[in-house]
Amino acid sequence: MDAHKYVFGRRAVVYGEEDLVVGLTAFLAEIGVEPVLCASGVRAPSEAAVKAVAGAAAESVIVREGMDFATMGEVARGLAPDFLMGSSKATVWHANSTFP
């Protein structure tokens, strides 16, 4: 509840396995963060499931599957997110990236 006042209106990229992406998208929408890209390196999270939990961003959120971190970074740059949220597997990518 306290996070809402700090993150409301921010934009986020959500990545990871499909179940994690749907769960994080729901959490972020609840605290007022707009998910702009929901991506997975394997199967895509169900677009219907993401849109069902994305709140006000449901019409504009992009859901993609089979993305590697380089492609996700390219797409994300055009969406101007404020932060990325996902599994710890991208820690090295974050540290070595010039994103955003």
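Predicted model: local features only at pLDDT ≥ 70, side-chain atom pairs only at ≥ 80, totals over all residues.
Helix H2 itself comprises 13 residues (18-30) and reaches 19 Å from its first C-alpha to its last, close to the 18 Å expected at 1.5 Å a residue. Its buried residues are Glu18, Val21, Leu24, Thr25, Ala26 and Leu28, and these pack against S1, S2, helix H3 (47-53) and strand S4 (83-86).

The sheet is open and is formed by four strands in the order S3-S2-S1-S4, with parallel pairing. Strand S3 (62-64) and S4 stand at the edges with a single partner strand each, so that one side of each is left without a neighbour in the sheet. From one strand to the next, the twist averages 25 degrees. S2 and S3, which run parallel, are joined by three bridges, and alanine 39 stands opposite arginine 64 in S3. Helix H4 (residues 69-79) packs on the sheet, where it touches S1, S2, S3 and S4, and its direction makes about 155 degrees with that of S2. H2, for its part, lies across S1, S2 and S4 and runs at about 160 degrees to S1.

A search of the whole structure finds one salt bridge, in which the side chains of glutamate 34 and arginine 11 meet at 3.5 Å, N to O. Because glutamate 34 lies in strand S2 (residues 34-39) and arginine 11 in strand S1 (residues 11-15), the pair ties together parts that are 23 residues apart in sequence. Glutamate 34 is partly exposed, with a relative accessible area of 26%, and arginine 11 is likewise partly exposed, at 25%.

Technical notes. Residues numbered from 1 in each chain as written. Heavy atoms only, no water. Salt bridge = Lys/Arg side-chain N within 4 Å of Asp/Glu carboxyl O. Helix = DSSP H or I, 4+ residues; strand = E, 2+ residues; numbered from the N terminus. Buried < 20%, exposed > 50% of the residue type's maximum accessible area, 1.4 Å probe, protein only. Expected span 1.5 Å × (residues − 1). Contact = heavy atoms within 4.5 Å. Pairing = 2+ DSSP bridges. Axes fitted to C-alpha atoms, helices over the stretch in contact; angles between N-to-C directions.
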